[in-house]
Amino acid sequence: MMRAVFPFAAIVGQEDMKLAMMAAAVDQGIGGVLVFGDRGTGKSTTIRALAALLPTMKVMDGCRYHCDPAVSDLWCEACRTAGDGKAVTAPVPVVDLPLGATEDRLVGALDLERALAGSKVFEPGLLARANRGFLYIDEVNLLEDHLVDLLLDVAASGENVVEREGLSVRHPARFVLIGSGNPEEGELRPQLLDRFGLSVEVRTPRDLPTRIEVIRRRDGFERDPAGFTETWRKPQDKLRRRIVAARSRLPSVTVPDIALERAARLCMALGTDGLRGELTLIRTARAIAALDGDEEVADRHLRQIAPMVLGHRLRRNPLDDAVASTRVTRAVEELFG
Amino acid sequence: MTAGRAWIDALQATALFADDPVGLGGLCVRAGAGPVRDRFLALLWQALPAGMPVRRLPLHTGDDRLLGGLDLSATLQAGRPVVQKGLLAEADGGVLVLAMAERIDAGVGARLRAAMDSGSVTLHRDGLSRVLPARFGIVALDEGVQDEHPPASLLDRFAFLLDLTGVSLADLADVAPLPEAARSPPTDGATEAICHAAFALGIDSPHPPLLALRAARVAARLAGREQVAEADLALAARLVLAPRTMCLPPDGETRGEPEPAANAPDDPGDDPGDDAGNDLSAADKPLEDRVLDAAKAALPADLLSQLASTDAARGLVRAPGRAGQARFSIKRGRPVGTRPGDPRDGARLHLLETLKAAAPWQRLRGKTDRFKVCRQDFRIVRFRQRIGTTTVFAVDASGSAALNRLAEAKGAVELLLADCYVRRDQVALIAFRGNAATLLLPPTGSLPRAKRGLAGLPGGGPTPLAAGIEAAMTLAETIRRSGRTPVVTLLTDARANVARDGGTGRQHAEADAMASALTLRASGVAALLIDTSPRPNPFAARLAAEMRARYLPLPYADASSLSRAIREAGAA
């Protein structure tokens, strides 16, 4: 059952969230995106809309893990054995991991149907489907701990190792983790929080005209999904072209020393642990510069993305979560003037 | 708003809901079990179209029944996987009844929400992957008292929140639930009017205005109108928006004075069209204001006190009862052998053992090409999860504490360590002094390491009590996530003089310490506070009370009573 998806281009406001998604679409190495916020701010809508926006990719024909024909280092065993195969075009997978999924469907397990017929065959799970794409977890803070353990392990290694039911399989599993949730429902465990490259807080728009526009578009979509999607086809195509252009520009975007220094200073001023903050800062700034059509990373790019890169890396104050992004913004102001 | 009015509103909401349960999301009835609720539900079932599926969702339904899974017996018979639908998919096109909705856990709430948003259930369980249609409306029975409510994010997707707690049998009047088609002209700007009203009432989420629009359309259809009229908008604003009011509308008009008079609340034949129709002075107001007025007229009299209590409900009250605290897992831990069982709901099938169990019966089961496996052959993997205790010692090593017998405190901890070692507990050690807390020893079972860490503990500097409590709590949470039970033991003289932000000043520092203590209590971690001051410090006792910790002044505590106290705290 395929339901019409609300067009990404038609989402009102929520610029940070959209920017984070676009950046992750341009450079999948940025790491995941975490979207936390109020009820009904279009978190899930935006993420599902992203799937419809993404340009297609080249995959090995018939490969269950959609290996990239151009990168033979990361091929799965089957592709390696075959040597080379036909390259075909396929949509970038955006895979939903619903709450209540069981471990066997996440990592893959014995193919039940064929096991009943007497043969032992591995049936890939959601991690395999998400390879080279996005894995989306709504209500990520409610995900069961044993699944989180698995995800952390796979996300760190980029490879899914299955040792169960007499099967021994390994396959590539590189994906962009996208999580959304409502902090009122429960906290995210720190290790998982750390896996996300970017985190954005979304809020309900505060002004009446924006809200009316939100309701009007939503209502318009619900009453006539096909017509509404058609109306937004052009802006949608334009966005898609922007992502494609940014991807091809990305390798040539340069990072001047001054930008590196700024990033390092910012991280030091905020006392974030480790180098991950700086690396993500630079990587995301490059993606944003590429999206903007710029040749090199400048202050304005860093300024724009600093809160979403560093907000969740600050030391936690248990009584006050909202302060994190404000602290980043203040540090940015002090540093960049 | 009188009880009679509440009942009439409930009936009107019922009429709308019964017409489009899926589109309107849900209906929550807050009322104790009793004749009023029974009567209401009887009317609701009557109003629903014949043949519409109605499924009841008991409180502790597992994922296999909620979402669906593998139908074992059918699978074995057919020799291929057969899906068993869950309640959500079974309720497709109908109504799902949630009993005791106020006690529903966050996980079930999230699953319901996901199904409501997508109109389907995505099943990735027991080796199956399916998407099943699941479009349903929910009838939530909320028996909560005071601060107990169904999950807010679920209520957000319901059109109607009805409160029948104040309604008694005498108030029940049989009325025509919806007014006859009134002469109400069609109107433009419905979206703007509804958004404006929602905005003025402080309703942030976009779901309620969307639901109100739908409700207005249903009302128009039921009244035989092609287009939404003002009366429909007024009705929708009153039924959908008014119960969610978060702040009083900004204009200075005293709430509900002129309008209820015109509305004659006890008049059973009351027509909501009247709200705008018979009020001449209202007629020249813009539509937005008139819709808002309709919602305001329905605001309960004790709104302000209610608002205060919802605020309380959003705070710490929700924090305990978090998922998975004392859950015994069948999915985690070290595999230790197998046992017969049902390989669904996440339990892991042990294939080899299953086949071995089935093998001796093959001849009895008849000769075919296929290997025959029956239900009783299934073997599932057993896991053993160590549920041990980890005691987190947070030791105050400040100057004041050093003066007040830090050495004795160290001795006490050492005795406790020995005791923990005997019980195979783990210990962790945090010291706080100067302006921060440091983790001296991550959770370990090694007694010598713990002793070394403790012996090398220097004293001196001010007391960052808040930082110490927080560090202990963060560690305790990590321990809990790894499946062990944490117990926090705080050794301090409670003379806090460094605040969380590093600032000095006793008052500020004490306030911060109290706040941290409250967070610790909210996290539900068992705690023990050992007062190391020469004489029992009243602030330490208050702090202990705030974090619901057991309070033990050191002068009266010898090692054996300390050790007993920790054991008891761990068992609690």
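## Interface between chains A and B

In this predicted model, 45 residues of chain A are in contact with 51 residues of chain B. Contact means that C-beta atoms, placed from the backbone, lie within 7 Å. Five elements of chain A each supply at least two residues of the side that touches chain B: α4 (103-107), β5 (109-110), α5 (112-116), α7 (145-157) and α9 (208-223). Helices (H or I, at least four residues) and strands (E, at least two) are DSSP runs, numbered from the N terminus.

α9(A) gives the most, with eight residues. By class, this side of chain A has 17 nonpolar, ten polar and 18 charged residues. Ala, Val, Leu, Ile, Met, Phe, Trp, Tyr, Cys and Pro count as nonpolar; Asp, Glu, Lys and Arg count as charged; the others, Gly among them, are polar.

Residues are numbered from 1 along each chain as its sequence is written, and chains are lettered from A in the order in which they are written. Local features need pLDDT of at least 70 and side-chain atom pairs 80 or more, while totals for chains, interfaces and linings use all residues.

## Helix α9 of chain A

α9(A) has 16 residues and reaches 22 Å from its first C-alpha to its last. That is close to the 22 Å expected at 1.5 Å a residue, taken as 1.5 Å times one less than the number of residues.

Its buried residues are Arg211(A), Ile212(A), Val214(A), Ile215(A), Arg218(A), Asp219(A) and Phe221(A). Buried means 20 or more other C-beta atoms within 10 Å of a residue's own; exposed means 12 or fewer, and partly exposed lies in between. These residues pack against α10 (225-231) of chain A, and against α8 (190-200) and α9 (207-222) of chain B.

## Helix pair in chain B

α21 (506-523) and α22 (538-546) of chain B pack at about 30 degrees, with axes 8 Å apart. Axes are lines fitted to C-alpha atoms over the stretch in contact, and angles run from 0 to 180 degrees between N-to-C directions. The two helices are therefore roughly parallel, a label for angles under 35 degrees.

α21(B) contributes Glu510(B), Ala513(B), Met514(B), Ala517(B), Leu518(B) and Arg521(B). α22(B) contributes Phe539(B), Leu543(B) and Glu546(B). This contact has six nonpolar, no polar and three charged residues.

## Leu44 of chain B

Leu44(B) lies in α2 (35-47) of chain B. Leu44(B) is buried, with 23 other C-beta atoms within 10 Å. Beyond four places in sequence, Leu44(B) is in contact with Thr14(B), Ala18(B) and Val139(B).

How values were computed. Contact = placed C-beta atoms within 7 Å. Parallel < 35°, antiparallel > 145°, perpendicular 65-115°, else oblique.
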